[in-house]
Amino acid sequence: MAVAVAAIAALIVVAFPALPSDAAAVRTEVVLTPAETTWTTSRAPKTPMAGATYLSFTRTADRAFIKFDTSKLGNVRVVGATLEVLPKSTMATSGGVQVYPVTVSWSAKTLTDSNRPADSAHALNSSLLRPNPGTRLNLPLVDLATISTTKATSFMLRYSQPYVGNRIYNTAAHPVRLRLTVESIATPSTPTASPTPKPTVVPSPTASPTPSATPDPGASLDHALPFTASGAIDPSRKVFAHYFPPYPISLDNQAPATDYYSRNYLTATGENGKHAAYGGLLRDRPVGRAPLSGDWQLKDLETEVTQAKSAGLDGFTVDVLSLSGRNWDTTARLMKAASNVGDGFVIVPNLDMTSSAGAAGIETVSAKLAELYSSGSAYRLADGRYVLSSFKAENQSPEWWTQLKSTLASRYGFKIALISVLLDSSVPNMTRYAPVSYALGDWGTRNADGVLNRPNRAATAHSLGVKWMPGIGIQDVRPNQGVYAEAAATLTLRENWEQAIAQGADMVQLVTWNDYSEGTSMAPSVDHGSAFLDINGYYLLRFKSGATPAVATEGVYITHRVQEIGAAPTAGQSLLMKPTLGGSKTAPRDEVEVMTFLKSAAQVKVVIGGQVHSYTAAAGQFIQSFPLETGTISADVVRAGKVVVDADSVHVVEARPDVQDLSYYAVGSD
């Protein structure tokens, strides 16, 4: 762990040329590091947080305090000021760093939430910027009268966006800095006095810093899996993810702070208040990006194909919801995006039999499917057949499916291999649809008890002479329906994979890539980044190779909720979720799961809301669970007295949340 900043202060002075309009005015740039830093939290109102290697700040619970010794600046006037910070982590989707003056004295050793100074009414910065972890953020200050030249100057940081956690580095290597431009009046024969202690003078032609542009947070989420296969990959064992066209990366090519997701899906007042009863349609969203030029929809889909390919997936099963309009356009464009990216990534049309597409006539459906099969990315078996998947295939008879296949073959020249995904995968249904199918599948189970008690459908499918494709999901949370299934962190995902591997599934479908309305998404998102895809990749390689993967990059992953299951929302939500989805019998729980992937054993220190837990993690995959507490969560992996990998959750656990959110969030080490 890096050493925390402890009462350090430094001055670096840069001399600027005299202004043409005033030959006696000399401008100097002074860079200060803090004399004291700390942060406070309402979750531990009487606990000083001094000495931490980070500073945490939110809208209401956490505040960061920073003090600079400006008393030795001398007889100067401050004409420019910028606070520079290095973000460590954030869950913000919009700009919101706010810098406030603190005019009363305080000590980091004793400052707590219960005795902290009262909030100032006006922020010192006019531009609300969003942090990008690892990229220094420059915050120009506009009310320069608050910066003293005769005594210490202090600031307090907050964030304007509600319900998001933010952390900045607070170490000697990465300190907060206050960059001042000061002006003193001197005669030509009398040089300007230097501040005391004598500063280092560094010539520089650079002007004062300007606000940093909000970067693209999605770029870092395209990365290789931290594992390598230990055996030969079986190319026949395909892993698909179900793509849901209503929720691409962007709906309107706007910045994340003001795009359609933020305005209408993530707020209770969105879409004219139609989602007010359940606190907003969604609880998560894709990682946003800055507006793009050209065909931005195609570029976004190419990004998602690349992300899925990097996560080890073979293709998407795209939900064909309609045969015209925006969802159809996204479906057709996805086929093109996969062709553009190439590298063997395929698309399987998935005819949704609960939608308008599934209710259309065979002539219409076959004509539109033929358009999709004309794409080079359409999945084709070695025998030449094109693969067609489905959702709730039992909504039409086996005879209907036979006629659809016949029309596609005779009229358009596309021979079809049908995957009948059954919502009711009972033995009678499987027996009925096997004769018209290349493979059978189900939609999966979203709670651990349901997975453990699920019959061996793979054996049934194989006995009927067809392949088996189970649905594998991580969770299912539906605010607009008032139900959820208790996923027990990643337990449901893990048990789904264990069953698929043990029972000899031929292929799998991840349910889903991006259905945010049901909380089943595994795509890179604000709530779980790429953590779920990393964990999924471990089992994906086991499934494809038949052997336990080797750890290529050590990592630690934290999975938890941001509120306890009994927390009452404060924003007037009337429809609350119950843990009854799909007849779920898994009891709700308040817990934090810590999963490590290590090359050799190590000590793990987990801090949950101030509660410290320590244990030894064995090499390979190792999982521990702990009680959920309000506050922040972090995990350090220590070997030979040195932190080798760590994770800090940017998702703060709130005691009084605005809305009910029972989905699991996750973070992983960098």
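**Salt bridge E593–R494.** I looked up E593 and found it paired with R494 in a salt bridge, the closest N and O atoms being 2.9 Å apart. I count a salt bridge when a side-chain nitrogen of Lys or Arg is within 4 Å of a carboxyl oxygen of Asp or Glu. Side chains of opposite charge can pair when their charged atoms come close.

**Ground rules.** I am working on a predicted model, where local features need pLDDT of at least 70, side-chain atom pairs count only at pLDDT 80 or more, and totals for chains, interfaces and linings use all residues. Residues are numbered from 1 along each chain as its sequence is written, and side-chain values use heavy atoms, with hydrogens and water left out.

**Domains.** I noted domain 1 (27-184), domain 2 (228-246 + 287-550) and domain 3 (553-581 + 589-669). These bounds come from an automatic or database domain assignment. I then took up domain 2 and domain 3, whose C-alpha centres lie 29 Å apart. Their contact (heavy atoms within 4.5 Å) takes 28 residues from domain 2 and 26 residues from domain 3.

**Interface of domains 2 and 3.** About 2,300 Å² is buried between domain 2 and domain 3, and 62% of it is on carbon and sulfur atoms. Buried area here is the accessible area (1.4 Å probe) that two parts lose on being put together, summed over both. I find two salt bridges across this interface. I also list 15 residue pairs in polar contact between the two domains, both residues at pLDDT 80 or more. A polar contact is a pair of N or O atoms within 3.5 Å; within protein, one must be able to donate a hydrogen and the other to accept it, and residues adjacent in sequence count only if both atoms are side-chain atoms.

On the domain 2 side, β23 (476-478), β24 (483-485), α11 (491-503) and α12 (531-545) each give two or more residues. I see α12 giving the most, with six residues. Helices (H or I, at least four residues) and strands (E, at least two) are DSSP runs, numbered from the N terminus.

**Whole chain.** I count 12 helices and 34 strands in the protein chain. Its C-alpha atoms fill a box of roughly 100 × 55 × 50 Å along the principal axes.

**Another pair.** The structure holds 30 salt bridges. I picked E29 and R179, which meet at 2.7 Å, N to O. E29 lies in strand β2 (residues 25-32) and R179 in strand β12 (residues 177-185), so the pair ties together parts that are 150 residues apart in sequence.

I checked V511 and T512, which are joined by a cis peptide bond with omega about 15°. T512 lies in the loop between β25 (508-510) and α12. A489 is not a glycine, yet has a positive phi of about 60°. I place A489 in the loop between β24 and α11. Most residues other than glycine have a negative phi, and most peptide bonds are trans.
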